Every structure is written in C-alpha cells, then in structure tokens.
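Thank you all for coming; I would like to take a few minutes to walk through one model. Please have the display in view as I speak.

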Amino acid sequence: MKKVYLVATAAVATLLLAACGNGNTGSAKEADKDSGAKITAVGSTALQPLVDAAKESFESQNPTYQITVQGGGSGTGLSQVSAGAVTIGNSDVFAEEKEGVDAKALVDHKVAVVGMAPVVNKEVGVKNISKEQLIAIFTGKVTNWKEIGGKDEKIAVVNRASGSGTRATFEKWGLEGATAIQSQEQDSSGTVKKIVAQTPGAISYLALSYIDESLQELSLDNIAPTAENIATNKWPIWSYEHMYTKGEPDKEVKKFLDYLLTADIQDGPVKELGYLPITSMKIERSVDGKVTQNK
C-alpha cells in the first residue's frame with residue numbers, strides 16, 4: 001500500500017508540474033501579444049483633425065490602445081514632447097524653427113502635408129489679391145477692403161497665437177517673413193474659422209482642412225491654393241505635418257505612427273480632410289526652404 005501511495009503521489013506531482021508549465025507557457029504567449037499603450041498627442045490644431053480620424057479607426061482595430069489627441073499649437077506640442085510630458089508632439093513646423101527646443105533630441109515623423117490659405121468673411125467682395133496686397137493688409141498698410149477692390153468695410157485682422165505653427169508658416173511663406181500686426185489672437189483654428197465667418201470685414205488664415213463654404217478663401221496673383229499647386233510648390237503656403245517623439249518611439253507608439261502612413265489613412269482621411277499625402281509631393285522642402293525635385 002505504501003508503495004502504491006508513493007507512486008500515486010509522484011504521478012500527481014508530475015501532473016501539477018505539467019500544469020504549471022503549461023500555465024507559464026500561456027503567460028509567455030500573452031506577454032508576447034501587443035499589450036497596447038496609452039498615447040498622448042498634443043500640439044498643432046491644423047494636424048488635429050487628421051490625428052483624431054486616425055485614432056478612431058486605429059482604436060477600433062486595436063482596442064487595447066488609449067489615444068488622447070489635444071490641440072494647443074505647435075509650440076506647445078514641441079515643448080511638451082521635449083520635456084517628456086507627452087508621447088507625441090504634433091507640429092506644422094520643423095523643431096529646428098522653435099526656440100528653446102532641443103531638436104536633436106527629437107525624432108521627426110512626417111505624416112502628411114497641409115496647405116494653408118488666407119480666408120475672409122464672404123461679404124468683403126474680394127476673391128483674389130496680390131501677395132503684395134496680402135502683406136500690406138497684415139502689416140497694417142491697407143485697412144479698408146475698398147482699397148483693393150472690395151466693399152467699403154474696415155479690415156479686421158484675426159491672428160493665431162504666437163506659438164502657432166500655422167501662423168509661423170503663414171508669415172514665412174505668405175508674408176515673406178513679415179510679422180503680422182498686433183490684433184486679436186486665437187489659440188484654435190476652429191475658433192478662427194467661426195470668428196471670420198461671423199465678423200464683417202474679417203481676414204485670417206487657416207489650414208485647407210478647416211476651410212468650407214462658410215468662408216471665402218483667397219487666391220494670390222490668380223493662383224489658387226489647390227492640391228496640384230501645392231504639390232509643385234506653385235502655391236508656397238504649406239508645411240509638413242510632423243509628429244515628433246523624444247528619441248525613437250517604442251514599438252507600441254511606432255505601430256500608431258506607421259498606421260498614419262498606410263494607404264487606409266493616406267488615401268482616406270488625409271485626402272478627405274483636405275491634406276496631401278506625402279507621396280503626392282513633386283518636390284521636397286528642407287527646414288531652410290531649399291526645394292529639390294522628388295525622384
């Protein structure tokens with residue numbers, strides 16, 4: 001009996017060890033699975049609609065991810081990702097263009113191109129002006145629409161805040177480096193859109209993704225802000241949409257960034273929301289403004 005008992009005990013012990021072994025193997029397999037991540041992307045309001053759209057579809061396919069998207073402007077995005085306060089800093093400008101940001105510590109992930117255009121209240125009576133007239137308006141030399149062929153209405157300039165990448169892009173490429181006059185400033189592109197639509201004589205500038213029938217976009221020197229003109233740099237007021245990480249992203253974050261470059265996003269929300277796919281650009285523009293032809 002004693003011998004039988006010892007054999008039975010050994011058998012039970014063997015079964016328990018096997019069960020434990022199988023449990024450990026299962027845990028290892030679970031650990032190998034994509035456990036998801038919490039990602040916070042902050043910054044450019046021009047880029048925000050695209051990242052929001054990508055987040056929706058990505059989370060539906062990857063329910064273990066929790067992605068938070070916030071605006072605040074490119075300066076905010078760059079400073080917060082530099083400080084390690086957020087996962088991704090969204091920006092309309094190169095990190096090298098922002099003072100106080102250690103661009104060498106950041107990794108640039110370009111996900112799209114955004115065109116920008118001057119926009120006015122639909123009642124001003126103007127659809128096309130020269131770049132010289134645009135600069136005159138934003139530097140305060142022209143103050144009434146009748147001076148450039150519009151109705152007798154005082155011009156009300158609306159600016160984005162100083163940390164805005166949209167403003168930096170517009171001043172650099174639309175105003176040829178001139179600084180816009182002091183006027184009311186807004187942190188949000190959405191707020192600018194509402195103000196211009198509702199304020200007689202108002203003018204500002206927006207990413208094409210925000211422009212709809214409630215506003216009148218302006219052509220410059222009879223050149224319209226179209227995708228075709230942006231792709232060749234014929235319309236120069238555009239920027240890359242950057243998603244910066246502090247150092248190389250981990251695999252979970254990289255999975256989301258790579259998703260923004262897939263055909264599902266580049267041929268879907270990118271085009272639908274008024275951006276340009278990276279692959280559509282016929283030229284490449286460096287941080288110093290040097291333009292080269294894409295091969």
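Predicted model: local features only at pLDDT ≥ 70, side-chain atom pairs only at ≥ 80, totals over all residues.

**A walk through the model**

Let me begin with asparagine 222, which counts as exposed because its relative accessibility is 68%, where exposed means over 50% relative accessible area, buried under 20%, and partly exposed in between, with a 1.4 Å probe and protein chains only. Residues are numbered from 1 along each chain as its sequence is written, and side-chain values use heavy atoms, with hydrogens and water left out.

Asparagine 222 sits in the loop between strand S10 (219-220) and helix H7 (227-231); helices (H or I, at least four residues) and strands (E, at least two) are DSSP runs, numbered from the N terminus. Its phi is near 65 degrees, a positive value in a residue other than glycine. Most residues other than glycine have a negative phi. Asparagine 233 likewise has a positive phi, of about 70 degrees, and is found in the loop between H7 and strand S11 (238-246).

Turning to helix H6 (residues 189-198), which residues are buried there? They are Ser189, Val192, Ile195 and Val196, and they lie on the same side of H6 because they cover an arc of only 120 degrees around the axis, the arc being that of the directions from the helix axis to the C-beta atoms. On the other side of H6, Lys194 and Gln198 are exposed. The cover over the buried residues of H6 includes strand S4 (106-120), strand S6 (156-160), strand S7 (184-186) and strand S8 (202-207), counting as contact heavy atoms within 4.5 Å.

My last topic is the aromatic rings, where rings of Phe, Tyr and Trp (its six-membered ring) pair if their centres lie within 6.5 Å, with planes under 30 degrees apart counted as stacked, over 60 as edge-to-face and the rest as tilted. By this rule there are eight aromatic pairs. In one of them, phenylalanine 58 and tyrosine 65 have ring centres 4.9 Å apart and planes at 85 degrees, so the pair is edge-to-face, and both residues are buried. Phe58, Tyr65, Phe256 and Tyr259 form one aromatic cluster.
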